[in-house]
Structure formats: C-alpha cells, structure tokens
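User: I'd like to go through this model with you. Can we start with the overall picture and then move to details?

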Amino acid sequence: MTLKILALSGSGRKGSSNRALLEALRIHAPEGIEIAICDAIWDLPIFTPDRDGADRPAAVAAFIAEIDAADGVIISSPEYVRAIPGGLKNAIDWLVSGEAVIGKPIALVHASHRGDDMLTDLRRVLSTITSRFAEDVFWRLPLMSLSAAERDAVLAAPETIADLRSYLTAFQQVVEGHPEI
C-alpha cells in the first residue's frame, strides 16, 4: 500500500524555501510514500460561512477533496508578520466545518531558523481542527537566507536526504497508527 501525503506550502511563491523543502520531500520520499504538492490554496476565495455548504465554490470543493483523499498532510510555511500567512489560514478556515480534516494526520516541516511565533499559532490551530496533529513529528531545516544554489546543495546532501527520510518514516508511523515509533 502506498501512503498518499498532500503537502501544503504557506508561501505562494514558486521559488520559496518552503516549496523547495516540500519538493525535496517529494523527490526523496522512501518507497511506499507518495507526496503531492497542492497549489490549490492560492485559488481559494476568502472564507465565509455563507459560501460554505451548498454554495461552496468549485475551487474549495476541489481543495477539500484533495485533503479528503490524502492519508496525511504535511505543511511547510513561512512566518508573515509573526503570524500564519493569510492564504494558508484561509485554506484551513475552509476545512473547519467539514469532515475531511477531522482525524487527518498532519505534521509540520519548517525551512527557516526563525518563525516560532507562526509555528506556535499554527500548532494551536492544527491541534484544534484535527485530533491527529502530530506535533512531535517536526523537522526544521534552515534554508531561508541561502541562495537557490546553496539551498539546492543542502537539499541534495546525503545527510539531508537521510534526515528527510527519517522525518517521513516517523510521520508514516503516525499515519499508520504507530506514533510511539
């Protein structure tokens, strides 16, 4: 059985460190783990309960279907003004009233040496929306201030690949119901 993980970046910039970290996870995932990076959050309208339910926009329905189909979710996000970026928070808000995220395993990775305020807020939000937020499955790889070439070299280094595979294996254990490993 292949584990299907959906990865969300809190940055909409294609060249972001967070996106690069998620791409490295996707490329170097161990056998049996498939990672898809979701860009749908950048096409979502601003959340309002009035448009949820029967009036839900098609982009929102598609995003929720992606979350629902995934075995787990990994989020990598920058900190914007010491907070969760608006686009990521908006996407999370669209999930709150439905069933797709309840009980969904979610873990974080972080591509910066800073951002602890955002991480604290994001952890609080995620532990509220799912009973399976894997707070202890966390990997931080400071890439933010590196050039693209330096970042790519770090992400291709054997020790980084070993660390990312260890992170993914730990998350796999949570998704499969063995969080003690």
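**Fold and packing**

Analyst: Among contacts between residues at least 6 apart in sequence, 81% join residues at least 24 apart. Keep in mind that this is a predicted model.

User: How many helices and strands?

Analyst: The protein has six helices and five strands. Along the sequence they follow the pattern β-α-β-α-β-α-β-α-β-α-α.

User: And what does the radius of gyration say?

Analyst: The radius of gyration is 16 Å, close to the 16 Å that the globule rule gives for 181 residues, so the protein is as compact as a globular protein of that length. The C-alpha trace spans about 50 × 35 × 25 Å along its principal axes.

User: What share of the residues count as buried?

Analyst: 49% of the 181 residues.

User: OK, voids. How many cavities of 30 Å³ or more?

Analyst: One. The volume of the largest cavity is about 60 Å³.

User: Which elements supply its lining?

Analyst: Helix H2 (58–69), strand S3 (72–76), helix H3 (86–95) and helix H4 (116–129) each supply at least two residues. H3 gives the most, with three.

User: Names, please. Which residues line the largest cavity?

Analyst: Leu8, Phe63, Ile67, Val73, Ile75, Ala91, Ile92, Leu95, Val101, Ile106, Leu126 and Ile129.

User: Now the largest pocket. How much space lies in it?

Analyst: About 230 Å³. It is lined by 15 residues, and the closest to its centre are Asn18, Pro78, Glu79, Ser112 and Met144.

User: How does that lining divide?

Analyst: The pocket lining has four nonpolar, eight polar and three charged residues. For the largest cavity, the lining has no polar and no charged residues.

User: Switching to electrostatics. How many salt bridges?

Analyst: The structure holds 11. One of them pairs lysine 4 with glutamate 34, with the closest N and O atoms 3.4 Å apart.

User: What about arginine 19? Which residue does it form a salt bridge with?

Analyst: Glutamate 23, with the closest N and O atoms 3.3 Å apart. Arginine 19 and glutamate 23 are four residues apart in helix H1 (residues 17–28), so about one helical turn separates them.

User: Is arginine 19 buried or exposed?

Analyst: Arginine 19 counts as buried, at 13% relative accessibility, because the cut-off for buried is under 20%. Glutamate 23 is partly exposed, with 22%.

User: Give me another pair. What does aspartate 152 form a salt bridge with?

Analyst: Arginine 151, with 3.8 Å between the closest N and O atoms. Aspartate 152 counts as partly exposed at 43% relative accessibility. Arginine 151 is buried, with a relative accessible area of 12%.

User: Which residues do shared partners join into one network?

Analyst: Lys14, Arg19, Glu23, Arg26 and Asp39 are joined by salt bridges that share partners.

User: Backbone next. What is phi of valine 81?

Analyst: Near 50°, which is a positive value in a residue other than glycine. Most residues other than glycine have a negative phi.

User: Where is valine 81 found?

Analyst: In the loop between S3 and H3. Valine 81 is exposed, with a relative accessible area of 81%.

User: And arginine 82? What is its phi?

Analyst: Near 60°, again a positive value in a residue other than glycine. Arginine 82 has its place in the loop between S3 and H3. At 58% relative accessibility, arginine 82 counts as exposed.

User: Last one. Where is glycine 15 found?

Analyst: In the loop between S1 and H1. Glycine 15 is partly exposed, at 37% relative accessibility.

Technical notes:
Residues numbered from 1 in each chain as written. Predicted model: local features only at pLDDT ≥ 70, side-chain atom pairs only at ≥ 80, totals over all residues. Heavy atoms only, no water. 1 Å grid on protein atoms, 1.4 Å probe; cavity = no way out; pocket = protein on both sides within 12 Å on 5 of 7 lines; lining within 4 Å. Points joined across faces, edges and corners; volume = space filled by probe spheres on them. Nonpolar A, V, L, I, M, F, W, Y, C, P; charged D, E, K, R; others polar. Salt bridge = Lys/Arg side-chain N within 4 Å of Asp/Glu carboxyl O. Buried < 20%, exposed > 50% of the residue type's maximum accessible area, 1.4 Å probe, protein only. Rg over C-alpha atoms; globule rule 2.2 N^0.38 Å. Contact = heavy atoms within 4.5 Å.
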